[in-house]
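The stops below go from one selection to the next.

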Amino acid sequence: MLILLIIGVSAVNVTLFSADSALYSPQFCQMRNSNREGKDWLETIFALSEKGRIYKSVDNGYKWSDETLVLEKMGINDWFYEIQTSPANKEVVYIFGKNGTGIKSEDCGSHYTWFTFPSSLSDFKLNSMDDEWMLAFSNCERCHPPFNKEVHKSNDGGKTWQWILSAAMMASWDKLIDSELIPDERIVACHLEYNQSRVTYSDDYYNSYKIIHNNGTGFFQTQFHMFVISKFQSAYRLHVAPAFYDYAQMINISIPFDQQYSYTLLDTESESIFLSISHNQTNKKLTNIYTSDFQGFKFTISLLNNVRSLNTGQCDFEKIESLRGVYIANIYDHEKLKVVKEADLEKYKKTVITFDKGAIWHPLKAPATDVNGQQTHCSGDCSLHLQGRSVSKIYRESKAVGLIMASGNIGLYLDEKSINTYFSRDGGLTWYEIRKGHHIYSFGDRGGIIVMAKAKSLTEELLYSWDEGQTWDSIKIPKMIVTSITSRSLYINFIVTGIDEKRKGIILNVDFTALHQRTCSGIWDPLDPDSDYEFWIPTNYENGKCLFGQKYRYTRRKRDAKCFNQQQHDKLHFIDSCECTIEDWECDYGFYHKIDGGPCVPIASLFEEDEYIDILKPPENCTGTYMKSQGYRKIVGDFCTGGVDLDPIETPCQEGLQQSLSNQTQMLPQISIKQEQKFNESVKVTVNTKENAGTQQNNSLFIGILIALIAFFGFMLWKKMKAKEMLEVKKDYYSNFERGERISLREDDDDGI
């Protein structure tokens, strides 16, 4: 163990442990504290090395033991490649080896038992209700990809296994089995049966099953929805059903365009769903982001030209968990798409942010000065751009309200050769350059302390800050490449992993307990000058204090308060409700916003397509009146009342039909969203028109309407013939695609980056 001190300040304890090779991200196990003193749970940390050895710490990373030596004394020799903590029991840990050796501990590594399993099994999935139930997969020799897996189950902790299904693409325990409505044994799978692909579920280990969807080629389940991809002829479609409902009643999601080549579910935990879809069969790294209505069935475009990695399927799209409705994304410059080659698109990536769940996106405001206090000289189209998931990750902590760290640059576009480190403490509205160069970082004490190191290069120092990046101190460490920095949110010690020049693994525990003894005070009176806390009111891009129809404020630690924050959450206070403004509305189904503002316009004005959905025309067999969209719908979860009303307008069927025909060649009137006062006046006029609709009929329009009807049906006949012609020349581009290219599932990683 090595103790390192910082000269001139209080001690920071740094302990060092050397491993045989590079280490994977630490895994955590929790055991109930039998002494009933202090913490209810004691935490054990496991780390697995590239060469298959297991390391364990029971004191937050101060000391480590080589558990492989313990197992060798038990006569167990294997190359271990996976550690899993049971979701059914926090104290149970499973470790799997390449040669068919399994290890189980029911007390976070205090004692071990072992079992053997067929070495052909892999990809173990633990049940969330019973810590002895698990699934595993093997290759099906007589099957063809991608339906080339056999599914097996064990009900005795891996000691014995039983085959349950062949010709499977994927299978998993139902994510809703913690509900009393769902049997603990329920399994959902996508497999072939009689040469037909289908998504099914079974409550008796596939002695019998029920069909969720025929022609299914993949599925993804969340707490609220079941998503299924199906293939019919050469087309792919995404279907959805609410959780706990009959899966047989799956609904096709409504997307304005038929061409759909890949799907990535970005966020399913909010009131609405964010979904990325590629409509380009030759360039699948170019996607559009859609957001759903409250039911999750009808999707409207939120953002065009989102960046997607072809290697991982990850999209540059980040949810800021600590604040509702804030997302950061990267896009390709729309203008450059028309003039540059696909290979050159990486030079033209931009970063945008939304504060209203994707209703309107804005460029990031560049810092006024750099870390040295020099002016940045960024104006016009110049803005701040950040690396996204396709390269790195934007770091945010759900319990550190408003705090974000990221790597990027200031300029017209993202430049991977000019990366610096940036910080925001107001949810992405204002940014500060806090360090030159590219770094890896993590928050501790809910953002009260930040630790970082140079990224992807040898370094001999760690940096830390107690004032959110305003000042930094350094800690001398052995020369190493830092690969991860991990801290539990409320903790003030960090686990740092990396490799030295000989590729030996290194684990550092960095403990700040002795650095500052004082705990923060004054939380009940943030207005007191001596308080370590402050009030903070989140705002949107235009500094408006109404977000989703409400005003609220947080009580949080001041930036320059060098103290331990003992509060588990920043306190949230509701202030007032707000009247509706244009910012409480997003584009309706079939409409879209431009990045630089403007009204919601029909999507037909964006794409030169013959097969777009005409969202303005009356429904078939319309009689009397119908509700015609104004191009907007209220943002899901918005609580504003009164004010601007952009709900659909009751419109006579004949009038709507004539307007629909006109709008196929003309865009809706261009109304700037920044001219809200004028827009509100136009809304009032619209409302008055709605009230008087049907009473101001002009017979002189009859002949004009008749002519318009003839022209409309002639146009629709031509469009159908054109669509048939296009369908005949389409090819099936999917025959050689992997499943991961058609649907990508997000798995967030909590490591520092």
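Start at Cys 382, which is buried, with a relative accessible area of 19%. Buried means under 20% relative accessible area, exposed over 50%, and partly exposed in between, with a 1.4 Å probe and protein chains only. Before you go on, note that this is a predicted model: local features need pLDDT of at least 70, side-chain atom pairs count only at pLDDT 80 or more, and totals for chains, interfaces and linings use all residues. Residues are numbered from 1 along each chain as its sequence is written, and side-chain values use heavy atoms, with hydrogens and water left out.

**Disulfides**

Cys 378 and Cys 382 form a disulfide, with 1.8 Å between the sulfur atoms. The term covers a pair of cysteine sulfur atoms within 2.5 Å. The torsion about this S-S bond is -110°, and the link of Cys 378 and Cys 382 is left-handed. Cys 378 is partly exposed, at 22% relative accessibility.

Next, select Cys 546 and Cys 578. Their sulfur atoms are 2.0 Å apart, in a disulfide. This link is left-handed too, with -85° about the S-S bond. Cys 546 lies in the loop between β40 (533-536) and β41 (550-557), and Cys 578 in the loop between β42 (571-577) and β43 (579-580), so the bond ties together parts 32 residues apart in sequence. Strands (E, at least two residues) and helices (H or I, at least four) are DSSP runs, numbered from the N terminus. Colour the two ends by accessibility: Cys 546 is partly exposed at 28%, whereas Cys 578 is buried at 5%.

Now go to Cys 140 and Cys 143. A disulfide joins them, S to S 2.0 Å. Which hand does it have? It is right-handed, because the torsion about the S-S bond is about 45°. Cys 140 is buried at 4% relative accessibility, and Cys 143 is buried at 12%. The whole structure holds 8 disulfides.

**Aromatic rings**

Select Tyr, Phe and Trp. Rings (for Trp, the six-membered ring) pair if their centres lie within 6.5 Å; planes under 30 degrees apart count as stacked, over 60 as edge-to-face and the rest as tilted. By this rule there are 25 aromatic pairs. One of them is Tyr 206 with Tyr 209, tilted, at 5.8 Å centre to centre and 40° between the planes. Tyr 206 is buried at 10%; Tyr 209 is partly exposed at 28%.

Move on to Phe 274 and Tyr 327. Their ring centres are 4.5 Å apart and their planes at 45°, so this pair is tilted. It links distant parts of the chain: Phe 274 is in strand β22 (residues 274-278) and Tyr 327 in strand β26, 53 residues apart. Both Phe 274 and Tyr 327 are buried.

For a cluster, select Tyr 94, Phe 96, Phe 115, Phe 117, Phe 124 and Trp 161, which ring pairs link together.

**Charges over rings**

Select Lys 153 and Tyr 205. Lys 153 lies over the face of Tyr 205, 4.4 Å from the ring centre. The rule asks for NZ of Lys or CZ of Arg within 6 Å of the ring centre and within 35 degrees of the ring normal. Then try Lys 365: its charged end sits over the ring of Tyr 541, 4.6 Å from the centre.

**Last stop: Asp 333**

Asp 333 is in the loop between β26 (327-332) and α2 (334-337). It is buried, at 10% relative accessible area. Show contacts (heavy atoms within 4.5 Å). Not counting residues up to four places away in sequence, Asp 333 touches Tyr 348, Lys 350 and Tyr 413.
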